[in-house]
Amino acid sequence: MNDTKKTQKLKTVIIVVLLAACLIGAGAYGFFSNNSSSTPLSSTSSNSDYTNARNRVDTLTQQLKSSPNDIGLQQDLGDAYYDLGTAARNNAPNEAKEDYSQAVKNYQVVLKNKQDLNVITDMATAAYYSQQFDLAEQSYQKALSINPNFTPALNNYGVFLYEYKKDNASAIRMWQTALNQDPNGPNSAQLKSLIKQAQNR
């Protein structure tokens, strides 16, 4: 069973870690993330995080074999693959790409049965990390067509536009829209830093 509040809180923690890392260093860029797991995972996750994520994938895969039509399990498995990809990004990038690709597949099954903005946004980010760039952009745009003020999609589409499309102006517009909705929110400092970084690029 999904715990939406726990999921939202965890993804905020994950993105703070990822954004802090990307603002300190150059190159790899972190997305705002909402996938669920028992512990926050970042691109610098420990072996323990990786092992826990792998075990969760294995457990959910077995459960899904006996309940293949359980959409909640499909979503949980998508989240677990997302976490596993995040844990593997630094040490096993090829494996991470495959994990994110599997997350996309699970999320697509979920979306055939229900339209969920969090799942659409998570799928878009997993698609980006698995180099399915067209799917990533289409999914961000779909989420925002359903709700133009959906903050996770605004945040992540901004990162996509900045990092992949090199479209600074559009990225700033996305982040500023998100910031205007919650000027003192948990991601406000990161958004301000990203906007400044894009303005100076």
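In the loop between α7 and α8 sits K166, a residue that has a positive phi of about 60 degrees although it is not a glycine. This is a predicted model, and its protein chain comes to nine helices and zero strands. Read along the sequence, those elements give the pattern α-α-α-α-α-α-α-α-α.

**Loop residues with positive phi**

- Most residues other than glycine have a negative phi.
- Besides K166, whose phi is about 60 degrees, Q131 has a positive phi of about 65 degrees and is likewise not a glycine.
- Q131 belongs to the loop between α5 and α6, whereas K166 belongs to the loop between α7 and α8.

**The chain as a whole**

- Of the 201 residues in the protein chain, 51% are buried.
- When contacts between residues at least 6 apart in sequence are considered, 59% of them join residues at least 24 apart.

**Helix α7**

- Helix α7 has 13 residues and reaches 18 Å from its first C-alpha to its last, which is close to the 18 Å expected at 1.5 Å a residue.
- Twelve of the 13 residues of α7 are buried, so this helix is largely enclosed by the rest of the structure.
- The buried residues of α7 include P152, N155, Y157, G158, F160 and E163, and what covers the buried residues of this helix includes α5, α6, α8 and α9.

**Helix α8**

- Helix α8, residues 168–181, has 14 residues and spans 20 Å from its first C-alpha to its last, close to the 20 Å expected at 1.5 Å a residue.
- In α8 the residues N168, S170, A171, I172, M174, W175, A178 and L179 are buried, and the buried residues of this helix pack against α6 (133–146), α7 (151–163) and α9 (188–199).

**The largest nonpolar core**

- In soluble globular proteins, nonpolar side chains tend to be buried together.
- The largest nonpolar core here has 52 residues, of which F31, Y82, Y140, Y157, F160 and W175 touch the most other members.
- At least two residues of this core come from each of α2 (47–66), α3 (71–88), α4 (93–113), α5 (117–129), α6, α7, α8 and α9.
- Helix α5 supplies the largest share of this core, namely nine residues.
- Because domain 1 (50–133) and domain 2 (148–200) both give residues to this core, it lies between them.

**Aromatic residues**

- The structure holds twelve aromatic pairs, and one of them joins Y128 and Y129 in an edge-to-face arrangement, with 5.8 Å centre to centre and 70 degrees between the planes.
- Both Y128 and Y129 are buried, and both take part in one aromatic cluster together with Y82, Y100, F133, Y140, Y157, F160 and Y164.

- In the model, the end C-alpha atoms of residues 117–150 lie 8 Å apart, and the span is 79% helix and 0% strand.

Terms used: Residues numbered from 1 in each chain as written. Predicted model: local features only at pLDDT ≥ 70, side-chain atom pairs only at ≥ 80, totals over all residues. Heavy atoms only, no water. Helix = DSSP H or I, 4+ residues; strand = E, 2+ residues; numbered from the N terminus. Expected span 1.5 Å × (residues − 1). Buried < 20%, exposed > 50% of the residue type's maximum accessible area, 1.4 Å probe, protein only. Contact = heavy atoms within 4.5 Å. Core = buried A, V, L, I, M, F, W, Y, C linked by side-chain atoms within 4.5 Å. Domains from an automatic or database assignment. Phe/Tyr/Trp six-rings, centres within 6.5 Å; stacked < 30°, edge-to-face > 60°.
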